[in-house]
Amino acid sequence: MTDVIDELHRRGLIAQSTDEEELRTHLSAGPVTYYCGFDPTAPSLHVGHLLQFMVLRALQRAGHQPVVLVGGATGLIGDPRPTAERQLHDRSTVAEWVARIRRQVAPFLDVPAERDGLRPPVYVDNLDWTAPLSAIDFLREIGRHFRVGRMLAKEAVAARLASEAGISYTEFSYQILQANDFLELHRRYGCTLQSGGSDQWGNLTAGIDLIRRTEGTGAHALSTPLVTKADGTKFGKSEGGAVWLSPELTSPYAFFQFWLNADDADARAWLPLFSERPAEDVAALVAESRERPAARAAQRALAEELTLLVHGPEELRQAEAAGRALFGRDDLAALGADTLGAALREAGSVTVQGEVPSVAHLLQRTGLVASLSEARRTVKEGGAYLNNERVTDAEAVPGEDAWLPGGWLVLRRGKRSVAGVERVR
């Protein structure tokens with residue numbers, strides 16, 4: 001077995017762990033069954049969850065057995081947030097999200113038959129063992145092993161107790177449910193390692209303590225760091241909200257652009273975390289980013305690698321082609337209507353219905369210019385483009401042959417400012 005702990009440290013993927021030397025010895029002794037859980041609190045996972053998959057995949061490559069838990073039970077409860085109670089969703093909604101996330105997770109860990117040595121994941125839903133528990137069994141068999149004083153000291157619980165919102169018993173009990181998951185997976189599959197975000201550390205160690213109390217054996221945990229942006233804003237957020245892994249919620253083009261548009265400092269910090277390239281390749285990209293930031297080598301590497309991982313080769317090709325086409329380097333007409341529409345909605349777009357305005361009015365309406373006089377001046381100076389063709393007449397009205405697949409026009413001002421116009425019939 002390879003020493004996967006060294007790799008995880010090199011990439012900055014370990015924030016905390018139980019006794020590291022014991023964990024190294026445990027991992028080197030043979031295949032270890034390990035797990036990470038994902039709660040269905042939305043219809044999709046988002047880019048923040050990718051960090052957990054980096055750990056799951058690294059351990060899988062090292063020969064260990066992954067278990068992926070999608071929390072049909074814990075998703076009905078919700079882990080405590082630092083500021084306010086989570087909204088509780090109905091059972092049918094959570095069940096639908098469990099199924100969607102289960103399908104979404106598969107490409108990250110499912111192993112093709114020809115890749116010998118990698119163990120395919122086991123998928124579980126904690127509703128299977130939580131739903132049959134009666135309240136009496138829950139309190140007698142599990143709850144009695146927990147001390148309220150220690151539960152109150154957990155970071156998320158303490159933060160809520162100190163807030164005006166307080167905390168309900170429902171959310172307070174979450175750590176017991178997650179601890180019981182670790183115990184159940186330990187009993188069913190011999191699971192001895194759990195990974196999760198650093199904000200889950202209290203829940204991870206609660207599971208270790210429950211296994212020790214009930215089974216008399218040890219277990220391990222490791223957590224990943226909190227990922228932030230250099231400007232202090234939350235990682236995984238764009239102007240339109242969360243960056244989802246679902247193509248229905250965040251288009252592959254928008255996903256690609258999220259990484260491509262990352263700040264230089266962010267891209268250099270994120271590259272070791274999210275790239276599975278060899279260490280020397282990552283170091284070279286980081287160095288290139290420092291020496292030639294305009295080339296955006298780190299950003300492009302992240303965008304290409306992660307779009308390929310999450311959406312596959314065809315969507316990566318389309319996302320790259322859309323970027324080239326919007327800025328005049330490829331043929332716009334060659335793009336599919338879905339890709340073109342997604343790209344222009346991400347760039348910013350307006351709709352027109354009925355009579356089509358002149359190019360000058362469209363430039364103003366899309367926000368590429370502030371006024372009609374500025375639009376006319378931009379055209380006169382040669383800085384306005386329609387479908388990548390320079391506009392020479394500001395009062396020209398786009399004809400029927402100008403509309404691209406899906407009913408789109410692409411307007412551009414200069415080299416970098418792009419907007420779309422969608423015709424609604």
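Student: Hi! How many helices and strands does the chain have?

Tutor: The chain has 19 helices and 13 strands. Both are DSSP runs, numbered from the N terminus: helices are H or I with at least four residues, strands are E with at least two. This is a predicted model, where local features need pLDDT of at least 70, side-chain atom pairs count only at pLDDT 80 or more, and totals for chains, interfaces and linings use all residues. Residues are numbered from 1 along each chain as its sequence is written, and side-chain values use heavy atoms, with hydrogens and water left out.

Student: Thanks. What box do the C-alpha atoms fill?

Tutor: Roughly 80 × 45 × 40 Å, taken along the principal axes.

Student: And how much of the chain is buried?

Tutor: Of its 425 residues, 52% count as buried. Buried means under 20% relative accessible area, exposed means over 50%, and partly exposed is in between, using a 1.4 Å probe and protein chains only.

Student: Which helix is mostly covered?

Tutor: Take α12, residues 252-260: 9 of its 9 residues are buried. Among them are P252, Y253, F255 and W259.

Student: Changing topic: what is the strand order in the open sheet?

Tutor: The 5 strands run β9-β13-β12-β10-β11, with mixed pairing. At the edges sit β9 (349-352) and β11 (389-390), each pairing on one side only. Two strands pair if DSSP finds at least two bridges between them.

Student: How many bridges join β12 to β13?

Tutor: There are 6, and the two strands run antiparallel, with β12 covering residues 408-413 and β13 residues 417-423. In that pairing, L411 stands opposite A419 of β13.

Student: Which strands does helix α17 lie across?

Tutor: Helix α17 (residues 337-347) lies across β9, β12 and β13, at about 40° to β12. For such angles, axes are lines fitted to C-alpha atoms, for helices over the stretch in contact (heavy atoms within 4.5 Å). The angles run from 0 to 180 degrees between N-to-C directions.

Student: OK, how many disulfides are there?

Tutor: The structure holds 0 disulfides, a disulfide being a pair of cysteine sulfur atoms within 2.5 Å. C36 is in none, and the nearest cysteine sulfur, that of C191, is 11 Å away.

Student: Where does V32 lie?

Tutor: V32 is in the loop between α2 (20-28) and β2 (33-38). Its relative accessible area is 3%, so V32 is buried.

Student: What does V32 touch?

Tutor: Leaving out residues up to four places away in sequence, V32 touches H26, L27, H64, Q65, T192 and L193. V32 and Q65 are 33 residues apart in sequence, and 6.0 Å apart in space, C-alpha to C-alpha.

Student: Last topic: how many cavities of 30 Å³ or more does a search of the whole structure find?

Tutor: It finds 1, with about 90 Å³ of space in the largest cavity. On a 1 Å grid over the protein atoms alone, a cavity is a set of points where a 1.4 Å probe fits but cannot get out, and lining residues have an atom within 4 Å of a point. Grid points are joined across faces, edges and corners, and a volume is the space filled by probe spheres set on the points.

Student: Which element gives the most to the lining of the largest cavity?

Tutor: That is α11, with 4 residues. The lining includes H145, R150, D209 and R213.

Notes. 1 Å grid on protein atoms, 1.4 Å probe; cavity = no way out; pocket = protein on both sides within 12 Å on 5 of 7 lines; lining within 4 Å.
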